[in-house]
Amino acid sequence: MNKREIDIQRIIKSVKKAYYKDMPEFYNDRKLITHNGDPGIRWDFINTNINNIFTEDDYKILIVKRGFWNQIVIYNTYDKRLYFIMRENRYKDIKRDKNRKNLHLIQILGAVNENEETEASEVIKQKLPEYISKAKEYILITYEYNENQSKFDFIGRKITSKFRCSYKEEFDNKLNLEEAN
């Protein structure tokens with residue numbers, strides 16, 4: 001496996017661990033009668049899992065605050081590759097929204113995959129650490145979880161700030177819980 005494939009498998013493990021291990025343990029320990037905070041708590045687990053699995057010197061984990069939400073960007077310093085994770089449905093919503101006043105973080109990061117100066121490339125220089133501008137590639141990893149089938153779908157895309165896609169790949173989804181720990 002090459003470094004990109006290893007990185008993506010680690011991201012998949014982080015997401016699956018949040019769903020299959022962290023969330024059930026959280027609710028077993030607390031005996032809560034409602035689960036209103038699931039989306040935020042689940043993302044906190046995913047982000048923590050990513051932070052805990054990408055510990056080598058070849059990685060920088062960047063926490064980006066956009067509004068009230070904190071998001072993680074993974075930077076592989078060896079390959080100069082950025083990764084960002086989000087739900088597939090959220091990606092589709094952002095892509096459909098033609099009336100956005102501000103660029104979404106996935107669009108800003110898309111400047112890495114562009115050869116020309118754009119609004120996104122200016123924002124990336126102003127708002128994100130300098131090492132981000134040294135990145136040579138940005139891959140957006142999206143996922144959806146089908147609760148009825150207990151199944152995940154993961155997709156990687158190399159997008160630009162205008163949502164042009166030069167690479168799309170569905171990833172192997174056969175990772176079991178033991179491998180996620």
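The model is predicted: local features need pLDDT of at least 70 and side-chain atom pairs count only at pLDDT 80 or more, while totals for chains, interfaces and linings use all residues. Residues are numbered from 1 along each chain as its sequence is written, and side-chain values use heavy atoms, with hydrogens and water left out.

**Helix α5**

Ser121 lies in helix α5; helices (H or I, at least four residues) and strands (E, at least two) are DSSP runs, numbered from the N terminus. With a relative accessibility of 7%, Ser121 counts as buried; buried means under 20% relative accessible area, exposed over 50%, and partly exposed in between (1.4 Å probe, protein chains only). Leaving aside residues up to four places away in sequence, Ser121 touches Ala111 and Glu116, where contact means heavy atoms within 4.5 Å.

The buried residues of α5 are Ala120, Ser121, Val123 and Ile124. They sit on the same side of α5, because they cover an arc of only 160° around the axis; the arc is that of the directions from the helix axis to the C-beta atoms. The cover over the buried residues of α5 includes α4. On the face turned away from the buried side, α5 carries the exposed residues Glu119 and Gln126. Lys127 also has its place in helix α5 and, at 60% relative accessibility, counts as exposed. Its C-alpha atom is separated by 9.6 Å from that of Ile108, 19 residues apart along the chain.

**Nonpolar cores**

A nonpolar core is a set of buried Ala, Val, Leu, Ile, Met, Phe, Trp, Tyr and Cys residues joined through side-chain atoms within 4.5 Å. The largest one has 26 residues, of which Leu82, Phe84, Ile106, Leu109, Leu128 and Tyr138 touch the most other members. Two or more residues each come from β1 (59–66), β2, β3 (81–87), α3 (88–96), α4 (105–109), α5 (119–127) and β4 (137–146). The largest share, 4 residues, is that of α4. A second, separate core of 22 residues includes Ile11, Ile74, Tyr83 and Ile141.

Tyr138 has contacts, beyond residues up to four places away in sequence, that include Leu82, Phe84, Ile106 and Leu109. Others among its contacts are Gly110, Val112, Asn113, Arg157, Lys158 and Ile159.

Val64 lies in strand β1 and is buried, with a relative accessible area of 8%. The residues that Val64 touches, not counting those up to four places away in sequence, are Trp69, Asn70, Gln71, Val73, Leu105 and Leu128. The C-alpha atoms of Val64 and Leu128 are separated by 8.2 Å, although these two residues are 64 residues apart along the chain.

**Helix α1 and the residue after it**

Helix α1 (residues 3–30) has 28 residues and should span 40 Å at 1.5 Å a residue, which agrees with the 38 Å between its end C-alpha atoms; the expected span is 1.5 Å times one less than the number of residues. A kink of about 40° in α1 is centred on Ala18, the bend at a residue being the angle between axes fitted to the seven residues ending there and the seven starting there. At the start of α1, a side-chain oxygen of Asn2 comes within 3.0 Å of the backbone nitrogen of Arg4.

α1 is followed by Lys31, whose phi is positive. Most residues other than glycine have a negative phi.

**Asn76**

Asn76 has its place in strand β2 (residues 69–76) and is buried, with a relative accessible area of 0%. A polar atom of its side chain lies 2.8 Å from the backbone nitrogen of Asp79. Not counting residues up to four places away in sequence, Asn76 touches Lys3, Asp7, Asp58, Tyr59 and Arg81.

Conventions. A polar contact is a pair of N or O atoms within 3.5 Å; within protein, one must be able to donate a hydrogen and the other to accept it, and residues adjacent in sequence count only if both atoms are side-chain atoms.
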